[in-house]
Amino acid sequence: MSSVQRGKKGERPMADASARLSVSPLPVGLAAADPAGVGDLGVAPAPRRRARPPRHLADLDPAARRAAATELGQPAYRADQLARHYFARLTDDPADMTDLPAVARAELAAALLPPLLAAEREQDCDGGTTRKTLWRALDGALVESVLMRYPDRVTLCVSSQAGCGMACPFCATGQAGLTRNLSAAEIVAQVVAGARAMASGVVPGGPGRVSNVVFMGMGEPLANYPNVLSAVRRITEPVPDGIGISQRSLTVSTVGLVPAVRKLAAEGLSVRLAVSLHAPDDELRDELVPVNRRWPVAEVLAAAFDYAAATGRRISIEYAMIRAVNDQAWRAELLADLLAGRLAHVNLIPLNPTPGSRWTASDPDIADEFRHRLAARGVPVTVRDTRGREIDGACGQLAATARRA
Ligand code: SAH
């Protein structure tokens with residue numbers, strides 16, 4: 001794992017925006033200049049120390065899948081058959097594929113449906129309705145996903161990277177740095193597994209479906225843009241080309257990588273955008289979300305509001321309530337100044353303290369006061385539930401270590 005440089009409060013003056021670009025340290029993957037192919041998203045690709053996961057059907061769009069079947073000497077429609085098995089019947093076991101010629105099954109499955117993630121450990125709480133899975137990828141990288149069943153919906157929280165390079169000091173994933181980007185198929189595999197668990201009836205409440213997917217597990221999804229976008233398409237394309245979850249039920253959560261937010265807005269999707277703001281002022285946000293040094297609050301919000309305008313979707317502003325750090329009444333008022341009248345709603349998350357953290361959750365009374373101040377200014381606000389705390393499955397707790405096994 002790469003080490004992560006952490007920013008310190010007050011490390012640089014805020015006045016000059018251009019100065020920001022040359023300030024270090026920045027989180028891993030955020031070079032100050034662009035010598036190494038950082039590209040139009042302004043984010044360097046993950047280090048290529050590890051082998052890429054093998055190609056999988058879920059990395060490919062329908063046309064590319066058919067081409068792949070043809071390359072294997074099979075009719076193109078075999079790709080559609082495989083897609084139906086994987087995305088609709090949720091199987092990658094050749095023995096289940098009785099509509100394929102017996103001789104071709106194993107070869108097709110090996111070439112296009114290689115196993116990518118092995119469940120290393122499952123933990124549940126909330127009477128079995130919250131389930132966290134620790135996955136081991138072929139190269140040993142560890143990631144986690146969390147399935148949460150509510151009375152009215154089933155939400156799967158997926159990881160987009162092994163680790164994370166954004167270095168937010170209050171987040172467990174941020175502590176260890178970035179291992180690598182997940183492939184599209186590794187992201188989709190988490191959703192297929194969740195869908196399988198729901199269909200099998202192992203989750204109390206009877207068989208069901210995954211209705212919502214949130215990119216709020218490990219990693220910064222917009223720092224793995226092409227793979228995340230490809231995964232979003234696979235997850236939301238109608239069966240049998242994809243899993244068929246509605247775009248409106250999918251949320252991409254970001255620290256605020258402005259060029260990537262703008263690119264996403266132009267994709268013509270209707271997925272929800274969540275922005276992890278956590279502070280309305282640059283001085284504090286520089287510390288809590290170090291990438292703020294590159295794209296400060298005003299730029300992040302401008303891009304988010306443009307996203308809302310382009311998609312017609314209300315943006316979600318994530319705000320972890322940290323005692324005596326970001327929960328002051330004046331910060332609630334400042335946040336309201338920024339958001340009043342906008343297509344935005346605020347999600348307050350009581351901080352889940354990570355091991356050894358110097359921070360803790362806000363007092364309930366203080367959090368309530370904060371919420372009231374936003375509501376009084378007409379800003380829609382909700383308090384996020386903290387499902388999965390006992391199994392380290394709540395927001396920001398995903399660390400994906402095998403050591404507590
Ligand atoms: N990198 C993305 C998505 C992953 S985190 C992002 O930052 O948005 C999903 C959410 O959990 C983010 O809003 C993140 O800021 C929040 N979070 C991280 N650590 C947390 C903690 N310890 N307590 C509460 N929320 C936390």
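Predicted model: local features only at pLDDT ≥ 70, side-chain atom pairs only at ≥ 80, totals over all residues.
Leucine 348 stands opposite valine 383 in strand E12.

**Strand E11 and its neighbours**

Strand E11 covers residues 344–350, and six of its seven residues are buried, which leaves the strand mostly covered. Strand E11 pairs with strand E10 and with strand E12, as the table sets out.

| Strand pair | Sense | Bridges |
|---|---|---|
| E10 (residues 315–321) and E11 | parallel | seven |
| E11 and E12 (residues 381–383) | parallel | three |

Helix H11 (residues 329–339) forms a right-handed β-α-β unit together with E10 and E11. From E11 the chain passes through helix H12 (residues 364–376) to reach E12, and this β-α-β crossover is likewise right-handed.

**Helices H2 and H3**

How are helix H2 and helix H3 placed at their packing contact? Helix H2 (residues 62–71) packs against helix H3 (residues 77–88) at an angle of about 120°, and their axes lie 8 Å apart. Because angles of 65 to 115 degrees count as roughly perpendicular and those over 145 as roughly antiparallel, H2 is described as oblique to H3.

On the H2 side, the contact involves Arg65, Arg66 and Ala69. These residues meet Ala79, Asp80, Ala83 and Phe87 of H3. Sorted by class, the contact of H2 with H3 contains four nonpolar and three charged residues, with no polar ones.

Conventions. Residues numbered from 1 in each chain as written. Heavy atoms only, no water. Buried < 20%, exposed > 50% of the residue type's maximum accessible area, 1.4 Å probe, protein only. Helix = DSSP H or I, 4+ residues; strand = E, 2+ residues; numbered from the N terminus. Pairing = 2+ DSSP bridges. Right-handed = clockwise from strand over helix to strand, strands pointing away. Axes fitted to C-alpha atoms, helices over the stretch in contact; angles between N-to-C directions. Parallel < 35°, antiparallel > 145°, perpendicular 65-115°, else oblique. Contact = heavy atoms within 4.5 Å. Nonpolar A, V, L, I, M, F, W, Y, C, P; charged D, E, K, R; others polar.
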